[in-house]
Amino acid sequence: MARSRFQKAGMLASLALVLTTGVVSPTAAAATAVEAGKSAATQQGGNGCHPHKPRTTTASPATNDKDKCKGATGATGPKGATGATGATGAKGATGATGPTGATGATGATGATGADGTPGATGATGPTGATGATGAIGPCADIDATQDSNNYELRAALTPPVMSGPNRSYAGIRDLTGNTPGPFLWTDLTMHPHYPQNACGISIVQHAQGMQAEGDVRIDVMTTTGEVYETQCAVVTSNRTLNCANNDWTLVNKQPAPNLVNDGTTVP
């Protein structure tokens, strides 16, 4: 009871001090007195609060939460200053690699690069095998003789005109004029037994005198090495040849390898 009287006296003294100084209005002072009375009552154990008695330990949690001795909630204090930034935490472990993305579209074709320098020349390859012997080509030949001041003679062998054998000719030219006359040719190809494979030709004359008709012989050689001959006569009166379709015949004997002043006999 002595403590209660002391607390009341303190409360009245505080109220009188507030009214005297004019800091707050009478209404505010009365509210303050009421709050002070509540505090005093609280301190005295009002409203069933007995602070000097220990709380029952066997009470349920719900009963303990309703503490009748708990005072009113005070005003919120001012916000404290922002604390300093804490230290950076340790770097976490690297995450697992994600799946491979889809293949991108093909880019545009680049410009053609410059030509490179030529490479070194390669080694010469081995010599190839000898090829097969080709077919015999067309033959051509010519020969001449002059045993008189009045004319000269020629023999010519030419390739076929269209087809058939190479062709053989005997020719004569008049020399009695101021200028040599034209050559006059006789085709010997159509004479009997003409060799179809004639490939070379020659001509020779044995004169019987300046104005006599000489004996002219024409020879051909075949691709197989056989020698054929025929003959013509010179007509000195007009400087022409008379071959009279003389036959072609094999000369007796024929040339043969490894012979001296000899030959193979014609059958």
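Reader: Which residues does Arg167 touch, not counting those up to four places away in sequence?
Author: In this predicted model, Arg167 touches Ala156, Leu157, Thr158, Pro159, Val161, Asp187, Thr189, Met190 and Tyr194; contact means heavy atoms within 4.5 Å. Residues are numbered from 1 along each chain as its sequence is written, local features need pLDDT of at least 70, side-chain atom pairs count only at pLDDT 80 or more, and totals for chains, interfaces and linings use all residues. Side-chain values use heavy atoms, leaving out hydrogens and water.

Reader: Why does Arg167 count as buried?
Author: Its relative accessibility is 16%, so Arg167 counts as buried (buried means under 20% relative accessible area, exposed over 50%, partly exposed in between, with a 1.4 Å probe and protein chains only).

Reader: What joins the side chains of Arg167 and Asp187?
Author: A polar contact of 2.9 Å joins them. Such a contact is a pair of N or O atoms within 3.5 Å; within protein, one must be able to donate a hydrogen and the other to accept it, and residues adjacent in sequence count only if both atoms are side-chain atoms.

Reader: Where is Arg167 found?
Author: Arg167 lies in strand β3; strands (E, at least two residues) and helices (H or I, at least four) are DSSP runs, numbered from the N terminus.

Reader: And what order do the strands of the open sheet have?
Author: The order of its four strands is β1-β2-β3-β4, with antiparallel pairing; two strands pair if DSSP finds at least two bridges between them. At the edges are β1 (141-145) and β4 (183-187), each pairing on one side only.

Reader: How many bridges link β1 and β2?
Author: These strands pair over five bridges, and Ile142 has Ala156 in β2 as its bridge partner.
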